[in-house]
Amino acid sequence: MALSSNVIGAINFVAMILSIPIIGAGIWLATEADNSCVKILQWPVIILGVLILVVALAGFIGGFWRIPWLLIFYLIAMLVAIVLLACLVVFVYMVTIRGSGHPAPSRAYLEYSLDDFSGWLRRRVRSSYKWDRIRSCLSSSSMCAELNQSYRMAQDFFNAHISPLQSGCCKPPTECGYTFVNPTYWISPINTAADMDCLQWSNDQTQLCYSCNSCKAGLLANIKKEWRRADIILLLTLVPLICVYLVGCCAFRNAKTEELFRKYKQGNPYN
């Protein structure tokens, strides 16, 4: 019993360590400007990481101090946490499976369309109430001002590999035919009817294309890229966590078997 309990305690120390990348992924998402404005995924990831840490700590204490009820709590709670983590990994993959940029003529950067993304993601930005808050958050960042500092000439800007968020929010869509002055100031063409976003563009540095669908699409493209990275971390953590849990189950079963065998040898197998 002592050996098996120590094994359970040891593997739960490993589970505690595995919770750190999950919490770290959530904190990383929270520090990214776009995710800090949207606030969808980071808190579920952080909460799930903390839950796994607490459950693993319970298993660690229950194993080394041989507290049966705490071990049973660990086995049940960790199974629930693993299922939730697996569901989160699948969910993130499914909502980010769609959505990619489109090349524009004579441009190195890509253009983005809102309709390319999953319905679930689109609903996060289509509501005017939600977007007003997100837009205010995005416009307070320095991402567009940084373009003016980096690119002075039109051709340098057209050859730049800017982020999806900058492509969608800091400039008018290429199809609108605006004339470049600097990355965030463009001269309007005579005909702006090619797309509704063409009418939304403003040279006011607080407005730009933050009301455009292209900005919403650029935000989702940025989110997709970051969520995919976080999803890889979650997946790489999920696999060893499952292995640790299975070893814990085996150790717990062996501990109970050893205890029953010991009682049987003492002539009292049912107490």
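A disulfide is a pair of cysteine sulfur atoms within 2.5 Å. In this predicted model, Cys-169 and Cys-215 form such a link, with an S to S distance of 1.9 Å. The torsion about their S-S bond is 90°, and the link is right-handed. Cys-169 is buried, at 0% relative accessible area. Cys-215 is buried too, at 0%.

The structure holds five disulfides. Another of them joins Cys-144 to Cys-170, with sulfur atoms 1.9 Å apart. The torsion about this S-S bond is about -80°, so the disulfide of Cys-144 and Cys-170 is left-handed. The pair connects distant parts of the chain, 26 residues apart. Cys-144 belongs to helix 7 (residues 143–150), while Cys-170 lies in the loop between helix 9 (164–169) and strand 3 (179–182). Both cysteines are buried.

Cys-209 and Cys-212 are also bonded, their sulfur atoms 1.9 Å apart. Their link is left-handed, with -85° about the S-S bond. Cys-209 is buried, with a relative accessible area of 0%. For Cys-212 the value is 0%, and this residue is buried.

With the bonded cysteines numbered in sequence order, the pairing reads 1-2, 3-5, 4-10, 6-7, 8-9. Cys-249 takes part in no disulfide; its nearest cysteine sulfur, that of Cys-250, is 6.9 Å away. Cys-249 is partly exposed, at 26% relative accessibility. Cys-250 is likewise in no disulfide. Its relative accessible area is 37%, so Cys-250 counts as partly exposed.

Note on methods. Residues are numbered from 1 along each chain as its sequence is written. This is a predicted model: local features need pLDDT of at least 70, side-chain atom pairs count only at pLDDT 80 or more; totals for chains, interfaces and linings use all residues. Side-chain values use heavy atoms; hydrogens and water are left out. Helices (H or I, at least four residues) and strands (E, at least two) are DSSP runs, numbered from the N terminus. Buried means under 20% relative accessible area, exposed over 50%, partly exposed in between (1.4 Å probe, protein chains only).
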